[in-house]
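Dear colleague,

Here is the structure I promised to hand over, and below it you will find my notes on what the calculations turned up. Please read them with the model open beside you.

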Amino acid sequence: MPLFNDILDMIYPRYCMGCDSLLDSDDVVCFDCMDELPYTDFFKHDNNPIKEIFYGRIIIQHGGSLLFYTKESLTQRLIFNLKYENNHHAGKLIGILMAKELSSTDWINEIDVIIPMPMHRKKQRVRGYNQATIIAQSLSDNLNIPMNEEIIIKSIHTETQTHKTREERWQSMQHVFEVKDKNALAGKHILLVDDVITTGASIEACGNKILSIENTKLSIATAAYAL
Ligand SMILES: [Zn+2]
């Protein structure tokens, strides 16, 4: 709804999420704050903390996070606005920046399809959208790689996992994802996209499902890496 958004911009001018300065209509972060974004540069290195998270758990070809996620950081504000404030512009920006980083890797052309981390339909109904899909769609648009958000679904709703041990989390995650069309993914290299990575438990569970399909390869890209 571009026209509707233009009208909204006239009524509600946008302010930089970093410093509150007034912005030109389509931005969410000003030039100065853009320069200050805490890039991890993980995509530039084949061995990085994201690859390390999954050592001995699942085999991933390539993996990385765009930004460091720390408390009170601009990354946190971008993610918060994307997740809870219905601010799709924040997700689009993340997708654009991620696409830029990924286009300079020597492997992005191997990716056949981008899949956003699935969200349970109940949760999505409440929120109205899946924030990982916003990032994945922007990434897809900017890299010209197809995105598919229907092929894998989260069929079991999981409660917050923070009180559980890693083993308990792993156990409870094993059957929550469902692949709707295995044939469509067979032989494909899939880039799984999520907003923030912490323990990697849900990525591992979803990744396991993907890797159980014949001849698939898995790579991972997340917007932010929580230390
Ligand atoms: Zn700013």
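Buried residues, meaning those under 20% relative accessible area, where exposed is over 50% and partly exposed lies in between (1.4 Å probe, protein chains only), make up 50% of the 227 residues in the chain. This is a predicted model, in which local features need pLDDT of at least 70 and side-chain atom pairs count only at pLDDT 80 or more, while totals for chains, interfaces and linings use all residues. Residues are numbered from 1 along each chain as its sequence is written, and side-chain values use heavy atoms, with hydrogens and water left out.

As to the overall form, the chain has 10 helices and six strands, where helices (H or I, at least four residues) and strands (E, at least two) are DSSP runs numbered from the N terminus. The radius of gyration of the chain, taken over C-alpha atoms, is 17 Å, close to the 17 Å that the globule rule gives for 227 residues, so the chain is as compact as a globular protein of that length; the rule itself is 2.2 Å times the number of residues to the power 0.38. Along its principal axes the C-alpha trace spans about 50 × 35 × 35 Å. The accessible surface, from the Shrake-Rupley method with a 1.4 Å probe and, for residues, with only the protein chains shown counted as cover, comes to about 12200 Å², and 50% of that belongs to carbon and sulfur atoms. If contact is taken as heavy atoms within 4.5 Å, residues 24 or more positions apart account for 73% of the contacts with a separation of 6 or more.

The domain assignment gives domain 1 (1-36) and domain 2 (37-226), with bounds that come from an automatic or database domain assignment. Their centres, taken over C-alpha atoms, are separated by 26 Å, and 10 residues of domain 1 are in contact with 12 residues of domain 2.

Turning to the interior, a nonpolar core is a set of buried Ala, Val, Leu, Ile, Met, Phe, Trp, Tyr and Cys residues joined through side-chain atoms within 4.5 Å. The largest one has 41 residues, of which Leu78, Ile94, Met98, Leu102, Ile114, Leu139 and Leu191 touch the most other members. Two or more residues are given to this core by each of β1 (63-69), α4 (74-84), α5 (88-103), α7 (131-143), β5 (189-197) and β6 (217-226), and the largest share, seven residues, comes from α5. Because domain 1 and domain 2 both give residues to this core, it lies between them. Apart from it lies another core, of 28 residues, among them Val176, Ile190, Leu218 and Tyr225.

Helix α5 deserves a separate look. Its end C-alpha atoms are 22 Å apart, which agrees with the 22 Å that its 16 residues should span at 1.5 Å a residue, the expected span being 1.5 Å times one less than the number of residues. Its buried residues include His89, Gly91, Gly95 and Glu101, and what covers the buried residues of α5 includes α2 (31-36), β1, α4, α7, β5 and β6.

Leu74 lies in helix α4 and counts as buried at 11% relative accessibility. With neighbours within four places in sequence left aside, Leu74 is in contact with Met17, Gly18, Val29, Cys33 and Leu37; Met17 is 57 residues away from Leu74 in sequence but 7.0 Å away in space, C-alpha to C-alpha. Ser21, by contrast, lies in the loop between α1 (2-11) and α2 and is partly exposed, with a relative accessible area of 27%. The C-alpha atoms of Ser21 and Asp46 are separated by 37 Å, although these residues are 25 apart along the chain.

Finally, a point on backbone angles: most residues other than glycine have a negative phi. Asn86, in the loop between α4 and α5, has a positive phi of about 60 degrees, and Asn144, in the loop between α7 and β3 (152-154), has a positive phi near 55 degrees. Asn144 counts as exposed, at 70% relative accessibility.

With best wishes
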